[in-house]
Amino acid sequence: MNRFFGEETAVIIGLGEHRVGTYPMGTIGLGSCVALILHDQRRSLAGLAHIMLPESRGNTDRPGKFADTATSVLLEEMAKLGSTRLSITAIIVGGASMFEYSANSLNIGERNTATVKELLRTHGIRIEYEETGGKIGRSVYYWPEKGRLIVKRADGTCTEV
Amino acid sequence: MELDPIQIDALAEFGNIGAAHAATSLSQMLMSPIEMTVPEVQAVDIAEMHNYIGSEISAMVVFQIQGEVADGGYIVVSMPRETVIQLTNLMLGTTDPDREINEMDQSAAIEIGNIMISAFLDATAELLGIVMLPSPPALAIDMAHAAFESIVAQLAYDVNDVLIFNTELTSEAPPVYGSIYMLPNADLMQQLFLMLKRLMEPLA
């Protein structure tokens, strides 16, 4: 368990992991992966998944790894804690194309983003904030209690929402 | 992925030979001695990647391993920004060490990566008697973990850990620092073990 910004309870969500809780969460060094944050403002509750690939095609052992299973598992776990679909909004960050001079499969970011957005549309979840695409790595920090989001980019710039 | 000590040794030895040749080619380019650390081989769980590959800004030149092993995995040459500028300055005879990375630096990084990894794969292919070629290089100058995510995404669809071979190269004058990573996929690993096992069999 890592710490960031001096927060004792903060959790870093690794590649393919997901968590639901009220504690601060973050992911470090997002490239082609997408950080999907589902947030229930009424309960100061949030879920974060560090999504690596668009489709699970039957893989179920790490639901956070794929866009389809990640979206379902976050919604399920939040529903168990009392959230309803109407009270949940989404934040998506990441999905960059990291490599120049590369026309090949390394640039999976766009497909990750498109799949997550399509899934959110199907589930009827509004996207509150989105910062996707581009050619830049990002780190994401989220505090469910205040709904505070910080996106830190590889070029040193920072956005707080 | 459970690895027995022999498998770890085999991969370490394989990478060691490749990395030594890559270091020699770098040493020839810089006309200075290069130190190489003892290689490490680890199976890293993807959820733990951020503890292994940090988020500091680096220049990463990435090659896919091709040839007789189709899509064998990836090799990465990673250098801090200062090293890239240092290397460009050396090659072009310029001096300014405190500038932003420019297009010339990008070409230099790619070219150096190309020379090193060609030497790496030539040597290892000769050892095993199969042809391995680097794909055209891809470049990212960004958070290291962010660039590795794309590679891991290609290797870890069915599995939750990746094998990482890593060795570090340093030179004191000029002050240059870099790492070579190799991430073989399961097929290539299998092939490597078989070939190395054959090499280690006593002569009958």
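The structure is a predicted model, in which local features need pLDDT of at least 70 and side-chain atom pairs count only at pLDDT 80 or more, whereas totals for chains, interfaces and linings use all residues. Residues are numbered from 1 along each chain as its sequence is written, and chains are lettered from A, with ligands numbered from 1, in the order in which they are written.

In chain A, an open sheet of mixed pairing is formed by 5 strands in the order 2-5-4-6-7. Strand 2 (18-21) and strand 7 (126-132) of chain A are its edge strands, each pairing on one side only. From one strand to the next, the twist averages 10°. Strands (E, at least two residues) and helices (H or I, at least four residues) are DSSP runs numbered from the N terminus, and two strands pair if DSSP finds at least two bridges between them.

Strand 4 (residues 34-40) of chain A is joined by 7 bridges to strand 5 (residues 45-51) of chain A, and the two run antiparallel. In this pairing A:V34 stands opposite A:I51, and A:D40 stands opposite A:L45. The two strands form a hairpin with 4 residues between them, and A:S44 in the turn has a positive phi of about 50°. Strand 4 of chain A is also joined to strand 6 of chain A by 7 bridges, again antiparallel; here A:I91 is the bridge partner of A:I37.

All 7 of the 7 residues of strand 4 of chain A are buried (20 or more other C-beta atoms within 10 Å of the residue's own, with C-beta atoms placed from the backbone), so this strand is largely enclosed by the rest of the structure. A:V34, A:L36, A:L38 and A:D40 are buried on one side, and A:A35, A:I37 and A:H39 on the other. In a regular strand, side chains alternate between the two faces of the sheet.

Between the chains, 27 residues of chain A are in contact with 26 residues of chain B, contact being defined by C-beta atoms, placed from the backbone, within 7 Å. Strand 3 (residues 25-30) of chain A gives the most to the side of chain A that touches chain B, with 3 residues.

Chain B has 6 helices and 8 strands. Its radius of gyration, taken over C-alpha atoms, is 17 Å, close to the 17 Å of the globule rule (2.2 Å times the number of residues to the power 0.38) for 204 residues, so chain B is as compact as a globular protein of that length. Of these 204 residues, 46% count as buried.

Conventions: Axes fitted to C-alpha atoms, helices over the stretch in contact; angles between N-to-C directions. Contact = placed C-beta atoms within 7 Å. Buried ≥ 20, exposed ≤ 12 C-beta atoms within 10 Å, placed from the backbone.
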